[in-house]
Amino acid sequence: MVVPTYNSGSHIEPLVRSMLEQTLSPDEFEVLFVDDGSTDDTPARLAGLAAEHAHFRTTSIPNSGWPGKPRNIGVEQARGEYVQFVDHDDLMAPEALERLHAMAVRNGSDIVIGKVASNFTSRGVPYGLMSTTREKCTVRTASLIDSLTPHKMFRTAFLREHGIVHPEGPWILEDQLFLVRSYLKAEVVSVLGDYVCYTYWARDDAANAGTRAMDPRRYYANLREIMGTVADGTEPGPDRDRLLRRFYRGEMLGRLGVPARGAVIDPHFDADPFEAVRELADTFVTDGMHDSLAANQRVRSSLLRANKPAELTEYTRRQTDLTALTTVGKAHWDRDRLKVAFTARFAERQDGPGLLLARRGDRYVLAPALTDGVLDEPVDVTDELKSFRVDVLLRHTETAHLWPALATVRLTLEEETDADGTVLVRPVLNGSASLDPVRGAGGSPLAPGTWEVRIRVMGAGFDRTVPLGNAGGDAAALPAGEVLAGHRTGPVLAADAGADTGLALTVVPTTDSPRPRPPKVSVVVPTAGATPDALRGTLASLTAQSLAQQEFETVLVGDGEGEIRPAAGSDPRDAGVDAATGVYVLFMEPGDRLAPEALERMYAYGMANDTDVVVGKLAGKGRALPKELFVRDRPRASLAKDPLADSLTVNKLYDRAFLLRHGLRFSAEGGPLADQAFAAEAYLRAGHASVLGSYVCYHYGPKRDVPAPAPADFYAAVAGLMKTTDSLSEPGPARDRLHRRWLRVEVLDRISGKAFLDMAEEDRISLVRDIRTALAGKASKGAVAGLPPARRVAVGLIEDDRPEDVVRLARWDSSLACAPELTGFVRRENGVFRLSFTGTPRAADGPVGVVTDADGVHTLAPAGLPEAVLDRFAQEPLTGGAVPEKATAVLVLRERETGAEYRLATESEVRRTVEGGLTVAGTAELDPASAAGGDPLDDGAWDLYVRLTALGWTKTARLGRDRTVEVSEELTAAPHPADPARTITPYWTRPHRDLSLRVETPEPAPAPPKQGLLRRVAKALKGK
């Protein structure tokens, strides 16, 4: 711990107390005070501390006037593997050093950033960066540039090796220069976001460092060096622009013109900084950096670059009183959270109408009141309407700890017509905040005290933070408090709690018992038609759950004794929901099984992420599984951004109140796609779902025989699904993904496989025409445009009523496969396997050809298809993930018994072939101690596959039968890295000679038989 001091006096005592309260053992850290020539009793205080505490040291230097030199001296004298910089008037939380150091050791970090709190009015905290734990990142992959204070943990050798030091003497922004140098060199940066480690505390005498007036020329000369360091350490392009944009927005544009009323600028300048900022902008600001700014900053940038200081001052003056007005609506408790409805909008002043925009035709611009007389042209913000959003924050009134809360919003544009005919627009955000007393502090309960609820309203570059409810709220409409995690938590109007006007939560320790809780989960199992063995297997998996039996209930629906009897003509699962009492409902089919920890994990995941739908990872032999969806956990997945549409089965966890609130029921008529209709509507109404991809929750049993519907009825049902989706969603990505899923799975997959090709010719033709009759023109344009080129060609052929060409395309498409080759397989001393391989897309006539024109546009050139079909391919360019350079090959490990799959981290490289095709080379490591989603490989057989995604297809094939001569034919057993009593044996399967692993516990060798009496006598005589 390196602590610069200067005339600290008694202000150092809170820091000293926090050092003595650290949970890290005193023999594992030292506190090194470097005094910068204090003229008061600080040296004597430090000497007394060093005499009393063996892990405290002190050294003194002549006054340098700034903390840079004391910090450098501290690094020179530091004996620790890591060095943590601390200011003398701040403090660290008790577990800070222990947690930060553990994270550093775990990741081999160069820098560890701990979450900070601040009660400074002029020093905010980058809560976006610091509220999520990141084990490993860099300045290029995370918004580290938002945190440029030095109060972090650095690997001592890292600083010394790279010669990274603080500027010495009076050098404003010395922290930023030090951090920029460090970030650009750091290979591993870790962020501890779930625990407040460091607190900036404003002194009563307002004498904290960094509060003095400043000459702008000096300030911007130093900023020039900092920005020059960024430029020297990066290549021209988006990365450099992103890093420099941070300084342009904050230190440059943010300090020009008239500040917002109430804003505290630190340091403030003793002269106008316009010229100094403009000169700096001329050097570093590119057109790309300017164009990427939000509208409000873009106007400021335009006026700066055009050298119009008067206009810029006027533009900022018109925003001096800009604020945000928010109201609190209905509030209720749900899933241990206080759900609060609210509205939020900007206002030109405290009682202003908030007409921030104007509409001209179908375009939106900044309101004339902001730009008239300042700019010659209107400022178009149409593409920035999606930037209107809010962050809801909980701030402790005593400790200043700040935690973001979940919130959802919907933008409404309210219009008023001015006297001159101008259509003015008021952007209004209607939303709901979810305030979590149990997990709201980084996964831990909120500390006792008063927590202000603040809301940050943003849009088009405008940004204001105010108390939630500052424009009104009805205290009588607030619910009573709840007893949660040993505390009584209740909502109040903050004026009643001694805080600013608005909503607040009060958290008070209590010995009161919480109200009775319902079961966590109700498992609904329809029994009609189930065999006794199938039902017995399902119930056995429920009995084996790690969730306590009294915390969930099993609801059997059928005609058996003790079972819930469904109403005639209804789906039995609806009766199960009506009878259930759990927080969540899970639907199961007899014969399916839950993994032992499924209910416990899925319930905890749903509660942690405040979600209405929890999707657990699925496994099952012979089942079409949504593999891409489950490659990782997705806490807040949406139809618009995630492949949720690939999982439309109903074996999920649904919030029961959510189902009842929206009247979600299964179709009384049943039908071939009833489950898909239920799942799709649930996704659309929920807005987001939580996907637990790291643990296999649900295992399918044997398939049940279900009569196939007539094609015309089936595709009429598909058209009905699309119509229902259209009624529940706006045009856009969510609708497109659902439509595309039904096109891909229910239409195109059914006319491209072996079953289709084995049909009689007239049946194939009839099927294609049934599809055309039911679905022509029904799918959204975005859904079709998002299909791979071959699928787009197929859709066009269907709509053009060319079934014969559809069949020809299906024959070619069905011959496509991944051709993998194993090029390397070695086992390291630590038991980790390293594999290298290639994957090539091939069809019956050879590798898939790709044509690239002079403009770099790629199209497919399949062999063996009619000229008319080839012409269609030539009109369908490869885009997005289908372009050749985006091809990937991933190594997949599959458990043979259960079918559970685990994707291994794979580095891949695309290589173009001389024939015009491509191949993907991949390398991956398989660590038996963690390859099963972080868990060790269990006993049994494990098969290896290559999953190739290229040119719009994803194909999977077993790895091993084709291999290069470098791969040894001799494979040997070795101890399991996680359990030496077990062995892992790689072997070539028979008859295909693919690569697999066998994990087993060897049987102990039998003891040698005891010798008989005659044998022992003979052996003794022979010895004599």
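# Burial, salt bridges and helix packing

Me: What does Arg 704 count as at 37% relative accessibility?
Reply: Buried means under 20% relative accessible area and exposed over 50%, with partly exposed in between (1.4 Å probe, protein chains only). At 37%, Arg 704 therefore counts as partly exposed.

Me: What kind of model is this, and which atoms do side-chain values use?
Reply: This is a predicted model, where local features need pLDDT of at least 70 and side-chain atom pairs count only at pLDDT 80 or more, while totals for chains, interfaces and linings use all residues. Residues are numbered from 1 along each chain as its sequence is written, and with hydrogens and water left out, side-chain values use heavy atoms.

Me: How many residues apart are Arg 704 and Glu 589?
Reply: Their side chains meet in a salt bridge at 2.8 Å, N to O (a side-chain nitrogen of Lys or Arg within 4 Å of a carboxyl oxygen of Asp or Glu). Helices (H or I, at least four residues) and strands (E, at least two) are DSSP runs, numbered from the N terminus. Arg 704 is in the loop between strand 29 (689-699) and helix 20 (711-728), and Glu 589 in the loop between strand 24 (584-587) and strand 25 (593-594). The pair links distant parts of the chain, the separation being 115 residues.

Me: Is Arg 982 buried or exposed?
Reply: Arg 982 forms a salt bridge with Asp 939, with the closest N and O atoms 3.0 Å apart. Asp 939 lies in the loop between strand 38 (918-926) and strand 39 (940-950), 43 residues from Arg 982 in strand 42 (residues 979-988). Asp 939 is partly exposed at 35% relative accessible area. With a value of 12%, Arg 982 is buried.

Me: Which residues do salt bridges that share partners join into one network?
Reply: The whole structure holds 73 salt bridges. Those that share partners form one network of Asp 334, Arg 335, Arg 337, Lys 339, Asp 436, Arg 439, Asp 610, Asp 612 and Asp 655.

Me: Which elements do the buried residues of helix 27 pack against?
Reply: In helix 27 (residues 867-874), Val 869, Arg 872 and Phe 873 are buried. They cover an arc of only 100 degrees around the axis, so they sit on the same side of helix 27 (the arc is that of the directions from the helix axis to the C-beta atoms). On the other side, Glu 867 and Ala 874 are exposed. The packing partners of the buried residues are helix 25 (789-799), helix 26 (803-814) and strand 34 (858-860).

Me: What is the angle at which helix 19 and helix 20 pack?
Reply: Contact means heavy atoms within 4.5 Å; Gln 676, Ala 677, Glu 681, Leu 684 and Arg 685 in helix 19 meet Leu 721, Thr 725 and Leu 728 in helix 20. Axes are lines fitted to C-alpha atoms, for helices over the stretch in contact, and angles run from 0 to 180 degrees between N-to-C directions. The axes of helix 19 (residues 674-686) and helix 20 are 10 Å apart, and the angle is about 15 degrees.

Me: How far apart in space are Gly 952 and Pro 518, C-alpha to C-alpha?
Reply: Gly 952 lies in the loop between strand 39 and strand 40 and is partly exposed at 29% relative accessible area. Not counting residues up to four places away in sequence, Gly 952 touches Pro 788 and Ala 882. Pro 518 is 434 residues from Gly 952 in sequence, and their C-alpha separation in space is 48 Å.
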